[in-house]
Amino acid sequence: MTEHKEKILSICNSICKNTLMETLEIEYVDVGENYLTARMPVSPKVHQPDGVLHGGASVALAESVGSAASYVFLDAKEFFVRGIEIAANHVKSIKEGFVYAKASIIHKGRTTQLWEIKITDEEGNLVSNCKLTTIALPRK
């Protein structure tokens, strides 16, 4: 299983080159049977003007990990995935360190998928709770 996990994480990380994920330094760090986890450093690059993590950066992290999870758990050769709705509740501020986003499947339909993405700090405290709906469209 470890070799399989490392291969999935390597693929997820390699497709981030020259994308928003690379700009935000998002790194996929863990994958399991029904989840994918990524982390992002919190630095002035992702701060809002008053020096705390910008909610938009949190949402970008959530959509990135949720969409990547859809690719991991669906047949990416047959479908391409798009986020169609995202909602976020930000409950804690953070100024530095890392945040971790864990996308877990709530509903895995043939066309739409619903993901819960919990963003936590390094101590496991909830920073944001997000829900992402993705759609799998057939490749033609």
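## Fold and nonpolar core of the protein

Setting aside residues up to four places away in sequence, M40 touches L24, E25, I26, V46, L53, A57, L61, G97, F98 and V99. These contacts are taken from a predicted model.

M40 also belongs to the largest nonpolar core, which holds 33 residues. Within this core, Y28, L36, M40, L53, V99, I117 and I119 touch the most other members. Two or more core residues come from each of helix 1 (2-14), strand 1 (27-31), strand 2 (35-42), helix 3 (55-73), strand 4 (97-108), strand 5 (112-120) and strand 6 (126-138). Helix 3 supplies the largest share, eight residues. In soluble globular proteins, nonpolar side chains tend to be buried together.

The secondary structure as a whole consists of three helices and six strands, arranged along the sequence as α-α-β-β-α-β-β-β-β. Of the contacts between residues at least 6 apart in sequence, 57% link residues at least 24 apart.

The overall dimensions and surface are as follows.

| Property of the protein | Value |
|---|---|
| Box filled by the C-alpha atoms, along the principal axes | roughly 45 × 30 × 25 Å |
| Residues counted as buried | 39% of 140 residues |
| Distance between the mean positions of the 16 positive and 17 negative charges | 6 Å |

Why does the radius of gyration of the protein agree with a compact globule? For 140 residues, a compact globule would have a radius near 14 Å, and the protein has 15 Å, so the two agree.

Definitions and conventions
Residues numbered from 1 in each chain as written. Predicted model: local features only at pLDDT ≥ 70, side-chain atom pairs only at ≥ 80, totals over all residues. Heavy atoms only, no water. Helix = DSSP H or I, 4+ residues; strand = E, 2+ residues; numbered from the N terminus. Rg over C-alpha atoms; globule rule 2.2 N^0.38 Å. Buried < 20%, exposed > 50% of the residue type's maximum accessible area, 1.4 Å probe, protein only. Contact = heavy atoms within 4.5 Å. Lys, Arg positive; Asp, Glu negative; His and termini not counted. Charge placed at Lys NZ, Arg CZ, Asp CG, Glu CD. Core = buried A, V, L, I, M, F, W, Y, C linked by side-chain atoms within 4.5 Å.
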